[in-house]
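Dear colleague,

Please find below the structure that I am handing over to you. I would be grateful if you would look through it alongside the notes that follow.

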There are 4 protein chains.
Amino acid sequence: MPDLRIAVVGAGLMGADHIIRISSRIVGAVVSAVVEPDENRAKAALANLPSAKWFSNIEEALQASAMDAVLIATPGQFHESVLIPALAANLPILCEKPLTPDSSSALRVVAAEMATGRNLVQVGFMRRFDSGYMQLRELIVSKNQGELLGLHCAHRNPTVPESYHNDMLIFDSVVHEIDVVRFLTDSPIASVEVRHFKRNSKSPVHLNEPILVMLETESGVLAVVEMNVSAQFGYQVRTEAIFEEGLAEIGRTSGMLTNFSAKISMDENMSFKPRFAAAYDSQIQRWVNAAKAGKIDGPSAWDGYLAAAAVEAGLEALRSGKKVPAAYQPMPAFYQVS
Amino acid sequence: MPDLRIAVVGAGLMGADHIIRISSRIVGAVVSAVVEPDENRAKAALANLPSAKWFSNIEEALQASAMDAVLIATPGQFHESVLIPALAANLPILCEKPLTPDSSSALRVVAAEMATGRNLVQVGFMRRFDSGYMQLRELIVSKNQGELLGLHCAHRNPTVPESYHNDMLIFDSVVHEIDVVRFLTDSPIASVEVRHFKRNSKSPVHLNEPILVMLETESGVLAVVEMNVSAQFGYQVRTEAIFEEGLAEIGRTSGMLTNFSAKISMDENMSFKPRFAAAYDSQIQRWVNAAKAGKIDGPSAWDGYLAAAAVEAGLEALRSGKKVPAAYQPMPAFYQVS
Amino acid sequence: MPDLRIAVVGAGLMGADHIIRISSRIVGAVVSAVVEPDENRAKAALANLPSAKWFSNIEEALQASAMDAVLIATPGQFHESVLIPALAANLPILCEKPLTPDSSSALRVVAAEMATGRNLVQVGFMRRFDSGYMQLRELIVSKNQGELLGLHCAHRNPTVPESYHNDMLIFDSVVHEIDVVRFLTDSPIASVEVRHFKRNSKSPVHLNEPILVMLETESGVLAVVEMNVSAQFGYQVRTEAIFEEGLAEIGRTSGMLTNFSAKISMDENMSFKPRFAAAYDSQIQRWVNAAKAGKIDGPSAWDGYLAAAAVEAGLEALRSGKKVPAAYQPMPAFYQVS
Amino acid sequence: MPDLRIAVVGAGLMGADHIIRISSRIVGAVVSAVVEPDENRAKAALANLPSAKWFSNIEEALQASAMDAVLIATPGQFHESVLIPALAANLPILCEKPLTPDSSSALRVVAAEMATGRNLVQVGFMRRFDSGYMQLRELIVSKNQGELLGLHCAHRNPTVPESYHNDMLIFDSVVHEIDVVRFLTDSPIASVEVRHFKRNSKSPVHLNEPILVMLETESGVLAVVEMNVSAQFGYQVRTEAIFEEGLAEIGRTSGMLTNFSAKISMDENMSFKPRFAAAYDSQIQRWVNAAKAGKIDGPSAWDGYLAAAAVEAGLEALRSGKKVPAAYQPMPAFYQVS
């Protein structure tokens, strides 16, 4: 079978990373096009891709039949305008999270996908491809330690850029937990509540964090999330699951242990890249394999919509200090997993 | 200096344990009297104490001048009736937590102690003597990792007896975190809030737990406590502290590591006794040393009152689901640490 | 650049594994031929490779120009008869360890390679591609903890098949440490000595193990190897390095931590496959990339010869109980790394 | 029962430490005499012991009936001259290791003790009182993981004083492993062999270390000891036991885990004092309890003799590079444990 020709839309940090990934680590796929309005960025990304072409917008790329599939790596507010024409062209799409910035635009994407009659959109919640989360999900499903009762989640970034603003705590960061809590529990987020830890004086002046976010699922599981974007010491994503008969914990660093200067130490990650490198690779490889077979193999556009709706509850919870219920449209039969 | 003659009041589980501790591991002290209305219990406790005497109530023991100091190990509702006469006799007292079951009785004890003109009462919040908590406090005070922002506390019992009822989640169990959070932060608990994890079907039928308790200090630190008394797998008390520049974690089990049957394992404790054995020994040894010098060396009656007042807020929070502020009397100069 | 067409020689356990690896995880390569005398095995391996051809011997495959490169995965005693004609055809070769079973045959391969004028042979000592060994080597080279003084190596298999005989402790198992100790120290093995632990009654009757193997490098580093092929509980390859100022340790299992039934546990591997999966992938990807550029990127035929010569000393040490020096030919300029 | 009056002989580092231990942490004992020729040292040690008396030699102390029991903490070459008169006086003795510097003097002590008709001498191999070694011994005896096959021991000091000379590697340091290997295996050391790691340039100039010591027991267990007295980074005593079906490991540091500056770290000990503090306390408390009952509760003079004889083999092994068998007198019935 010929290689899947992928157009990568957006050649910023994330897009450039995906271009290198596809070229050097993904089997059966090739970057055939880079869609990017900024010419310098585009040229930098194309440097080692002699056979790939540059397009400044998605319409031109579609016009040129430059790809078999689309990987969207632009900021979230620009996703809809790429998704709609790519869906109209019946192309398989891997769209970085969030699907779109709010639930009403997410529902428009859902409608456009349903109009094609096929599952074409996969959303890039890559934690579902992390071996830790996969093991934990297996343990939950097995009920070997009884029912899952709760989750302690910690999501820590050493720092964030100046452009990171307060609402992003929810829609850019906690959105990962919003998706993964549902993935682990197979139950939608029913409500969101936010509390504040003492403010970190090292946080950018416009942020009030770290925060504590409580996500309650419809099944009654309470997930308690520490969201901390000025943790300084390292990048950590950890989860401890409380079962009726025991605990399980994922996300601890491993690696070389050194004994030096009266300390026994291990290195901690300083960015999401080493922490989730294998998950990103696995996500894209499985999407490529699935796309060739006309399928998706990961979270759907409906998952993207559910996350967007829970994020809206989360933003209101952040502002109000109240427990805010999440409201969802009924799931179309189209998205029912057989 | 002659041995400190201690009257142990209450020869139940806890009292019997303290009698063995004093006899076999504490230097400079001797159990001279056991005050216990139940004759069988008293006799069992006195079996290896040929020189100790039995009294069925505190008044008789005081009348007989049978001791230099009093260790109270009865249930909390009986503490006041021992504390008042022992204070009237000007004896040093180590009183198991809680000082008394509510803040108004605690204030009566405070008044009785102030009337003696001396600090005679120490309350048995033994976690303050655990090396882990002591190390963590040193790190907080040092500000080596910046300000403390928050605490994740887990307090897990494998099971509890049938007699354990729902309010005991707060006044018998979380009371330890209520005291130790203040010990760590040097700031009183300002408010308490309670949420529920999914109920453990293995919990006794009259309990609704595990619960999540949020303790906010006046200094703005948020402590998030998982209180779980049906954890089945083991006894665990762990704390993870979030600082501006890093984390610190205490309470992990250590011990022999075995590699057997495709698992690398360590034993977990199954009760508070091995977990806090060294803390109990240290607490009593330091109290004995201090009592001989006419001092206390640990939490005071005022600390007992503050805990009782915060527990009252916690009980209301448990029932109401609301954030409940704690209210305290102003601290008398008598209890100011110079 | 077109995909590298690889002929896999030998479709046993190891060969079949490499065929799956190349097909599903290696970028820029394809299995174009399977060389295997056993027709059933060959057909099983070819099942998912519609475009690959079957050859019963290397000569026919070469005759048909069926490949750009050769991956040899037959037992060691059959390597030479594949290596010689493949070298005569000037093809890049990845040869599973050992290069050949003894030093004289290894020298014949070396001579045949030198006759081509190019470095065509890479030997499959895949531990050099394991991230743990690579990190440890970096630390050694950096001298951040001073000079390396010694190594404690443990190499444990749960069990071995009946066909595994006593000499294989050295030439099949310890050969990995023989190569990796040189890789870590950049110094040849100067001598080998063997001692016996108490015999494991669970070992196959014809084995006398576990054994302790001492490898001394010319630079004076002493590597102490526990070689244990009936360890039952799991598969473990660990190394602890002693430096002048500290220690470093690699090879500990990580993964999900469970707290269950009074134990805190992690799963241990039960075979080399999960332990070294990433190293095998990396080895083959880097070899494919190098082969396309006319190079090797890993241990050379000369490394294979050095290991064979040290294995000969090891076998004599196993039999004699004595310290046996290893003897090496001088290294041809051809193999000098510039 | 009255307190056991102990004469501490030797008020150097070790003696001073024992004096503090007995005064502040041991129940039922008191330091009644300090035997020390150096007046300044003696006075320093007596500073906080108002009721203890100073004697410049053991004979005067015995003459004055100044004690019920003797704790010997002088250097090993001075032990015999204290042991003999103290035995003649029928006093219980705890003698720091080694019992005496060689096997013939040890046999003289054995004879003197047998002449009293009672077990009066206990030797201070305090590792037998360490909870890790005790747990490991229980596991060995239980045969839960099958027979014990071997031991990997690491004994690391950060540095040693200038006065530490090369033979002390064996008689002062490895002697601990010599005793504890026998304690764990219940089998005498049959032979000793020594190898050298690369020399640490940070070692004092007259030392050639770290060394590798192989102790083979009569039962066939091989113990492999890394003896390292210039490890710089910390003080470590670790043992890993190889069983037929699994492994067990003791001696890893535990304690507060910090996450700071891209490292996850724990403090390592820098001296034997924190590592073995609990073992020393337990040893002395159990000896005091036993002495009051006319018994010993730990290694006997015969254990001291066996260690001395194995040390002699070790010293010859260190000098010769050969495997040296240890030779022992037959054990007198007097020392048979019923």
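Predicted model: local features only at pLDDT ≥ 70, side-chain atom pairs only at ≥ 80, totals over all residues.

Domains of chain A

Chain A is divided into two domains, each made of two stretches of sequence: domain 1 covers 4-127 + 278-299, and domain 2 covers 130-275 + 308-325. Taken over C-alpha atoms, the centres of these two domains lie 27 Å apart. Where they meet, domain 1 of chain A contributes 14 residues to the contact and domain 2 of chain A contributes 16 residues.

The area buried between domain 1 and domain 2 of chain A comes to about 1400 Å², with carbon and sulfur atoms giving 57% of it. On the side of domain 1, three residues supply more than any other three: Lys97(A), Phe125(A) and Arg127(A) account for 52% of the area that this domain buries against domain 2.

Arg127(A) also takes part in a salt bridge with Glu177(A), in which the closest N and O atoms are 2.7 Å apart. Between the two domains of chain A the count is 3 salt bridges, and 6 residue pairs are in polar contact, both residues being at pLDDT 80 or more. The elements that give two or more residues to the side of domain 1 touching domain 2 are α1 (13-25), α5 (103-116) and α8 (272-292) of chain A. By class, that side of domain 1 of chain A has 6 nonpolar, 3 polar and 5 charged residues.

Contact between chains A and B

Chain A and chain B each place 40 residues in contact with the other. Together they bury about 3000 Å², of which 55% comes from carbon and sulfur atoms. Within chain A, the residues that lose the most area to chain B are Leu149(A), Lys198(A) and Glu244(A), which together make up 21% of what that side buries.

The count of salt bridges between chain A and chain B is 12. One pairing across the two chains joins the side chains of Arg252(A) and Glu249(B) in a salt bridge, at 3.0 Å from N to O.

By class, the side of chain A that touches chain B has 14 nonpolar, 12 polar and 14 charged residues.

With kind regards

Terms used:
Residues numbered from 1 in each chain as written. Chains lettered and ligands numbered in written order. Heavy atoms only, no water. Domains from an automatic or database assignment. Contact = heavy atoms within 4.5 Å. Buried area = accessible area lost by both parts, 1.4 Å probe. Salt bridge = Lys/Arg side-chain N within 4 Å of Asp/Glu carboxyl O. Polar contact = N/O pair within 3.5 Å; in protein donor to acceptor, adjacent residues only side chain to side chain. Helix = DSSP H or I, 4+ residues; strand = E, 2+ residues; numbered from the N terminus. Nonpolar A, V, L, I, M, F, W, Y, C, P; charged D, E, K, R; others polar.
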